[in-house]
Amino acid sequence: MLRIMSLVLVLLFTFRLTAQEVTPAALVGSWEGALDAGALKLRIGFVLKENDKKELAGTMFSIDQGNVAIALDKTIIKGREVRLQMTRQGISYIGTLNEAGDTLTGHWLQGLGKLPLTLKKVPGLTRLNRPQEPKPPFPYQSEEVTYENADAKVKLAGTLTLPSRYCANSRLL
């Protein structure tokens, strides 16, 4: 009877330990949160994936700073703790995954600074609305044009845009 109880306790203890281990597959996806630097809030996103060796890899995006992308140099998983590093930039994120597997609570470390950062698993990172990157239909005519200079062996190409009501016989200022 004592042997059976001991075996049950060992199995329960082992199950408890393995239940707390985070696998790279559990972290695959998009994670987003906001750094609170006083008057400034910066949204940070991570897109994590498994590489060919089944290790965690990915990219960090600074959403509010033009979606600057920085590849992760190193990822470390110990228990439920996750460390994402970008060594050249002197940046690390250390967070703990909750039981539900949808929130990482931790800190952003950069230089001597340490800021709290909670990341939530999201279907995709926030995309900024950039009106300077127009999408069709455009309020103007556009035409792809090319010019070839055979003597110089050069070909120039570009997009010609004209007002919607452009007439070839009208004067352009």
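What follows is a short talk on the fold, the core and the side-chain pairs of the chain shown above.

Good morning, everyone. Before the details, please keep in mind that this is a predicted model, in which local features need pLDDT of at least 70 and side-chain atom pairs count only at pLDDT 80 or more, while totals for chains, interfaces and linings use all residues. Residues are numbered from 1 along each chain as its sequence is written, and side-chain values use heavy atoms, with hydrogens and water left out.

Let me start with the overall picture. The chain has 2 helices and 11 strands, where helices (H or I, at least four residues) and strands (E, at least two) are DSSP runs numbered from the N terminus. Read from the N terminus, the order of elements is α-α-β-β-β-β-β-β-β-β-β-β-β. Of the 173 residues in the chain, 24% are buried; here buried means under 20% relative accessible area, exposed means over 50%, and partly exposed lies in between, with a 1.4 Å probe and protein chains only. Among the contacts in the chain with a separation of 6 or more, 33% are between residues 24 or more positions apart, a contact being heavy atoms within 4.5 Å. The chain exposes about 12,800 Å², of which carbon and sulfur atoms supply 57%; these accessible areas come from the Shrake-Rupley method with a 1.4 Å probe, and for residues only the protein chains shown count as cover.

The ring centres of Phe-46 and Tyr-93 are 6.1 Å apart and their planes are at 40°, so the pair is tilted; the rule takes rings of Phe, Tyr and Trp (its six-membered ring) with centres within 6.5 Å, and calls planes under 30 degrees apart stacked, over 60 edge-to-face and the rest tilted. This pair links distant parts of the chain, with Phe-46 in strand E2 and Tyr-93 in strand E7, 47 residues apart, and both Phe-46 and Tyr-93 are buried.

Gln-85, in strand E6, is buried at a relative accessible area of 17%; leaving aside neighbours within four places in sequence, Gln-85 is in contact with Leu-72, Asp-73, Lys-74, Ile-76, Ile-91 and Ser-92.

Turning to charges, the structure holds 3 salt bridges, each a side-chain nitrogen of Lys or Arg within 4 Å of a carboxyl oxygen of Asp or Glu. The side chains of Lys-41 and Asp-36 meet at 3.2 Å, N to O, with Lys-41 exposed at 53% relative accessibility and Asp-36 partly exposed at 38%. Arg-43 forms a salt bridge with Asp-64, the closest N and O atoms being 2.5 Å apart; this pair links strand E2, which holds Arg-43, to the loop between E3 and E4, which holds Asp-64, 21 residues apart.

Finally, two backbone details. Lys-54, in the loop between E2 and E3, has a positive phi of about 65° although it is not a glycine, and Lys-54 is exposed at 58% relative accessibility. Asn-67, in the loop between E3 and strand E4 (68-71), likewise is not a glycine and has a positive phi of about 55°, while its relative accessible area of 29% makes Asn-67 partly exposed. Thank you.
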